[in-house]
Amino acid sequence: MAEKPEDLNLPNAVITRIIKEALPDGVNVSKEARRAISQAASVFVLYATSCANNFALKAKRKTLNAADVLAAMEEMEFERFLEPLRAALEVYKKGQKGKKEVSEQKRKEKEKKADCEHEKSKEDEEGEDEEEQRMEEETEEGEEEVEN
Amino acid sequence: MAALVSSTEQESDRCGSEEENRGVEAGDGGQQQQTGPAAPGGSRLSKLPLARIKALMKTDPDVSLASQESVFIIAKATELFVEMIAKDALVYAQQGKRKTLQRKDLDNAIEAVDEFAFLEGTLD
């Protein structure tokens with residue numbers, strides 16, 4: 001799965017949308033300009049990654065973290081990005097927390113359901129009239145015997 | 001080679017949806033759905049698909065692992081970068097009394113703006 005930087009482009013539609021939202025109405029972008037911006041964005045990712053990685057290595061870490069990226073932005077002279085990036089990071093972190101809690105809840109619910117399933121089938125039958133219940137239990141037993 | 005696997009298990013559904021869309025990549029429309037339904041919450045903050053950003057980062061042989069947050073910040077920074085370079089290029093289009101951004105406007109911006117120096121010689 002070794003993909004080269006040249007093969008990995010950012011999705012055209014998204015790049016176009018970001019450009020359009022940044023520019024006033026009525027302004028168009030030629031295909032060549034769009035392609036160049038997309039390429040520039042990929043180069044930016046690689047440059048930022050490399051820069052951030054240097055900070056991580058300096059700190060003797062093998063995992064790139066958010067602080068490394070922010071430090072890289074400063075190094076690359078994109079200080080103007082720092083404020084909005086920090087703000088976005090806060091929101092992102094909260095979102096991630098919520099996601100973890102949701103997936104943990106789901107896991108717990110799954111386990112509960114697995115336990116309850118046996119009991120639930122019994123409960124359904126008990127909900128009916130007693131007479132029917134008795135009959136069903138008898139037939140159930142009968143069926144079991146047949147299966148065996 | 002240690003890849004960016006450990007910290008990104010939560011993104012697996014995002015990666016899955018991206019793989020499904022790969023067949024549709026020729027058309028632009030399909031790509032927009034990647035960050036939408038697959039993973040709620042954080043992913044909506046980034047317009048760019050984190051899985052693709054991560055894949056790009058992985059092409060650097062010196063990078064072993066990257067936290068989810070770092071991938072997100074790079075994605076966000078890239079968004080800001082695109083906005084910035086588009087706006088800077090627009091200045092040159094306007095100087096040429098054009099309403100359409102052209103490749104040469106980009107080249108001018110790259111030459112003129114210090115922060116874009118790293119781009120020199122990198123574009124086709």
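Buried area is the accessible area (1.4 Å probe) that two parts lose on being put together, summed over both. Keep that in mind for these exercises on a predicted model, in which local features need pLDDT of at least 70, side-chain atom pairs count only at pLDDT 80 or more, and totals for chains, interfaces and linings use all residues. Residues are numbered from 1 along each chain as written, chains are lettered from A in the order written, and side-chain values use heavy atoms, without hydrogens or water.

**Exercise 1. Describe the interface of chain B and chain A by area and contacts.**

Step 1: Start with area. The two chains bury about 5700 Å² between them, and 73% of this lies on carbon and sulfur atoms.

Step 2: Look at who contributes. On the chain B side, Lys47(B), Leu56(B) and Ile73(B) lose the most area to chain A, together 11% of what that side buries.

Step 3: Turn to contacts (heavy atoms within 4.5 Å). Here 59 residues of chain B meet 65 residues of chain A.

**Exercise 2. Find the polar links across the interface and the elements of chain B that touch chain A.**

Step 1: Look for salt bridges (a side-chain nitrogen of Lys or Arg within 4 Å of a carboxyl oxygen of Asp or Glu). The rule finds three across the interface. One of them pairs Asp124(B) with Arg35(A), whose closest N and O atoms are 3.7 Å apart.

Step 2: Helix 3 of chain B gives the largest share, 19 residues.

**Exercise 3. Walk along helix 3 of chain A, residues 66-75.**

Step 1: Begin at its start. A side-chain oxygen of Asn65(A) comes within 3.1 Å of the backbone nitrogen of Ala67(A).

Step 2: Check burial (buried is under 20% relative accessible area, with a 1.4 Å probe and protein chains only). Among the buried residues are Ala66(A), Asp68(A) and Leu70(A).

Step 3: Finish just past the helix, where Glu77(A) adopts a positive phi of about 70°.

Note on methods. Polar contact = N/O pair within 3.5 Å; in protein donor to acceptor, adjacent residues only side chain to side chain. Helix = DSSP H or I, 4+ residues; strand = E, 2+ residues; numbered from the N terminus. Buried < 20%, exposed > 50% of the residue type's maximum accessible area, 1.4 Å probe, protein only.
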